Each structure stands twice: as structure tokens, then as C-alpha cells.
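Take a look at the sequence and the model below. We will walk through the structure step by step.

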Amino acid sequence: MTRLVETAVEVREFVAACRKRGGSIGFVPTMGAFHEGHLSLMRQAARQNDAVVVSIFVNPIQFAAGEDYDRYPRRLEKDTRMADSEGVDLIFFPSVAEMYPKGFDSYVDQTDLPSKLCGSFRPGHFRGVMTIVTKLFNIVKPDTAYFGQKDYQQYLILRRTAVDLNLDVDVRVLPTVREEDGLAMSSRNFYLGPKQRKDATCLHEALECAAKLVDGGENSAARVAAEMRRLIRKVKGTRVEYIEIVNSETLEPVKEVKGRTLIALAVRIGKARLIDNLIV
Ligand code: AMP
């Protein structure tokens, strides 16, 4: 049975007991409202470790004013059942006061990667992510932490954090899990009405089209991006935030698609801000 705890002290006790037996620990940080994307990370963590810890925390400091912090879906009971069926040993479900007690005033930041892609539209977002994940790493002290490619920029930033701050955690990325029609699974898909849900497949379609163009020998990033933009604009009610073609390590824009290249986009549909990406 999955245990549910709300304090860092209880997590440390669990981890210490596991370590005493010589066990390895896999960790999956989340904001909850689980879908198959989250479960795929838990499954891999269970395969590769003796114990799996999952955190569920909707982290207020990574949401800007006016973003969806209050609306973000919260469904602990269902999440617990789902995690249990994946063999998760411990869920850490802290309160905001547990993570940010009165007087809290230390933050983790970077200057380069967070200024790119989503970072330019969500100022302070990655600072909030780096801060909470560093705190969670310090509480759980996992051997390996698992992240999804859907949030590829987040993965790159956290990998950098782990190296720079000697956190001694192996930060891994796993493939994006998709719905049958290609839409990347996301807790934010819950915001979509039936028509918007159908329209939302345009992100994946644009990425597929980009991959096909590149496969067919097109190497102009500008032309690939223009074709993606055209495809998405055809769908009424979508607002493109960005479509970018960048080096998959530095996130610097490229003119020519060659080597490992990340094609990433953010699109608003109704109340939802959706992101997706592909590495070609
Ligand atoms: P979240 O709860 O949205 O903060 O996501 C928690 C973790 O699950 C992050 O590492 C995400 O990248 C990952 N994740 C979210 N959606 C997917 C997906 N569709 N496929 C794989 N991983 C995902």
C-alpha cells in the first residue's frame, strides 16, 4: 500500500529506513491530477529502484499572478489509488506552510536556460521550479529523479541545477505520453471543452508536419516554423505564444536544422496554455 505523508520529517524517516536496508530510491516530483504521463514515470522509477517516492505539490511560487494556481486540478484520493497501482511506496503531500514556512527567503535560480522558450512568457516560473525541486531533492535524497520530455526545458534546467549544486541526483527524462490522437497528456487538458479538446491536436499535428518537412530535406528553421504557424492559425480560437526551433542542449535558436534540434511550441486555447515539443 502507498503511504501518504505530509511532513518532510516523515519522508526522511522513510528514506533512512530504506537506505538502512541498502535500497535505492527513485523520485517523481509532480503537481498531481495524474494521467498516464505521470504513471509512466512512476513505472520506470519502480523498475529501476527499490523504493519510489512521489511528491504532489502545486507549488505557488512557480505561478505568476493571474495564472492558474487556484484553478489547478487537485484530486488526491484518485491520485493515491493510481500511484498505489504503480507500486509507489510513499506520496509526499506537503502543505504550502510545510514547504514555505514563515520567513522563507532562499531561492535557486539560473541566468541562461530559464530566459528561453517558456521562460520569456512566464517570468519567475523556473526559479520557482528550481527552488521547490531542490528542496524536494534535499528532503528525499533520491538516487534518480524522473521527468517528462513534455516539459523538456524544465528537465534541462533541473539537470543543470543538479550538476551545478552537487545535488548527487541522476536526473532522467522519459518520452512524452500522448492521447490516441496525439495530444500530449497534461493536467491542463482538463481545462479544455469538447471542441477545444479536438482543436488541441493542432500542436501535435504541427510538430508531425515539421518532422516530415525535416525528414524530406527541409533545413530552414524559418520555413519549418512558418509552416507550423500556418497550420495552427487555421484552427480558430488558438493563440500561438511561441514556435521555436533551437539547439536541444543550449535552447539557442538555430537557422538551419542540423544535429539534435528541439522544435517546441506553446499555444493558448481558451483557458488552457498548452506546450509540446519534438526532438529531430
Ligand atoms: P506536472 O504534474 O505537470 O508538474 O508533471 C510532473 C512530471 O510529469 C513532469 O516531469 C512532467 O514533465 C511529467 N509529465 C507531464 N505530462 C507528461 C506526459 N504527457 N508524458 C510524460 N511525462 C509527462
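How many salt bridges does the rule find across the interface of domain 1 and domain 2? It finds 3 salt bridges there. Keep in mind that this is a predicted model.

Domain 1 covers residues 3–174. Domain 2 covers residues 187–279. Their C-alpha centres lie 26 Å apart. The contact takes 24 residues from domain 1 and 22 residues from domain 2.

How is an interface sized? The accessible area lost when the parts come together is often used. Here, domain 1 and domain 2 bury about 2,100 Å² between them. Carbon and sulfur atoms account for 53% of that area.

Now for the polar side of the interface. Side chains of opposite charge can pair when their charged atoms come close. Asp68 and Arg188 show such a salt bridge, with N and O 2.7 Å apart. The rule also finds 10 residue pairs in polar contact across the interface of domain 1 and domain 2. On the side of domain 1 that touches domain 2, helix H5 (118–121) and helix H7 each supply at least two residues. The largest share, 4 residues, comes from H7. Sorted by class, this side of domain 1 has 11 nonpolar, 5 polar and 8 charged residues.

Helix H7 deserves a visit of its own. It runs over residues 152–164, and Gln153 is found in it. Is Gln153 buried or exposed? Gln153 has a relative accessible area of 5%, so it counts as buried; the cut-off for buried is under 20%. The side chain of Gln153 reaches the backbone nitrogen of Cys118 at 3.1 Å. Leaving out residues up to four places away in sequence, Gln153 touches several others, among them Leu113, Pro114, Lys116, Phe126 and Leu251.

Two of those neighbours lead us on. Lys116 forms a salt bridge with Asp112, and their closest N and O atoms are 2.8 Å apart. Lys116 is buried, at 12% relative accessibility. Asp112 is partly exposed, at 40%.

Leu251 lies in the loop between S7 and S8. Its relative accessible area is 1%, so Leu251 is buried. Leu251 also has a positive phi of about 65°, although it is not a glycine. Ala33 has a positive phi too, near 55°, and is likewise a residue other than glycine. Ala33 is found in the loop between strand S2 (25–30) and helix H2 (36–48). Ala33 is buried, with a relative accessible area of 0%.

Which residue forms a salt bridge with Glu249? The partner is Arg159, and the closest N and O atoms are 2.8 Å apart. This pair links distant parts of the chain. Glu249 sits in the loop between strand S7 (238–247) and S8, while Arg159 sits in helix H7, 90 residues apart. Both ends are partly exposed: Glu249 has a relative accessible area of 40%, and Arg159 has 29%.

Another salt bridge joins the side chains of Asp181 and Arg197, at 3.0 Å from N to O. Asp181 lies in the loop between strand S6 (170–174) and helix H8 (194–199), and Arg197 lies in helix H8, so the pair ties together parts that are 16 residues apart in sequence. Asp181 is partly exposed at 35% relative accessibility. Arg197 is partly exposed at 23%.

Arg197 also points us to strand S8. The C-alpha atoms of Arg197 and Ile269 are separated by 8.8 Å, yet the two residues are 72 residues apart along the chain. Ile269 is found in strand S8 (residues 261–269). At 2% relative accessibility, Ile269 counts as buried. What does Ile269 touch, not counting residues up to four places away in sequence? The list includes Leu192, Gln196, Asp199, Ala200 and Leu203, and also Gly237, Thr238 and Leu274.

Finally, step back to the whole protein. By the rule, the count comes to 18 salt bridges. Some residues are linked in a network of salt bridges: Glu36, Arg43 and Glu86.

Technical notes:
Residues are numbered from 1 along each chain as its sequence is written. This is a predicted model: local features need pLDDT of at least 70, side-chain atom pairs count only at pLDDT 80 or more; totals for chains, interfaces and linings use all residues. Side-chain values use heavy atoms; hydrogens and water are left out. Buried means under 20% relative accessible area, exposed over 50%, partly exposed in between (1.4 Å probe, protein chains only). A polar contact is a pair of N or O atoms within 3.5 Å; within protein, one must be able to donate a hydrogen and the other to accept it, and residues adjacent in sequence count only if both atoms are side-chain atoms. Contact means heavy atoms within 4.5 Å. Domain bounds come from an automatic or database domain assignment. Buried area is the accessible area (1.4 Å probe) that two parts lose on being put together, summed over both. A salt bridge is a side-chain nitrogen of Lys or Arg within 4 Å of a carboxyl oxygen of Asp or Glu. Ala, Val, Leu, Ile, Met, Phe, Trp, Tyr, Cys and Pro count as nonpolar, Asp, Glu, Lys and Arg as charged, and the others, Gly among them, as polar.
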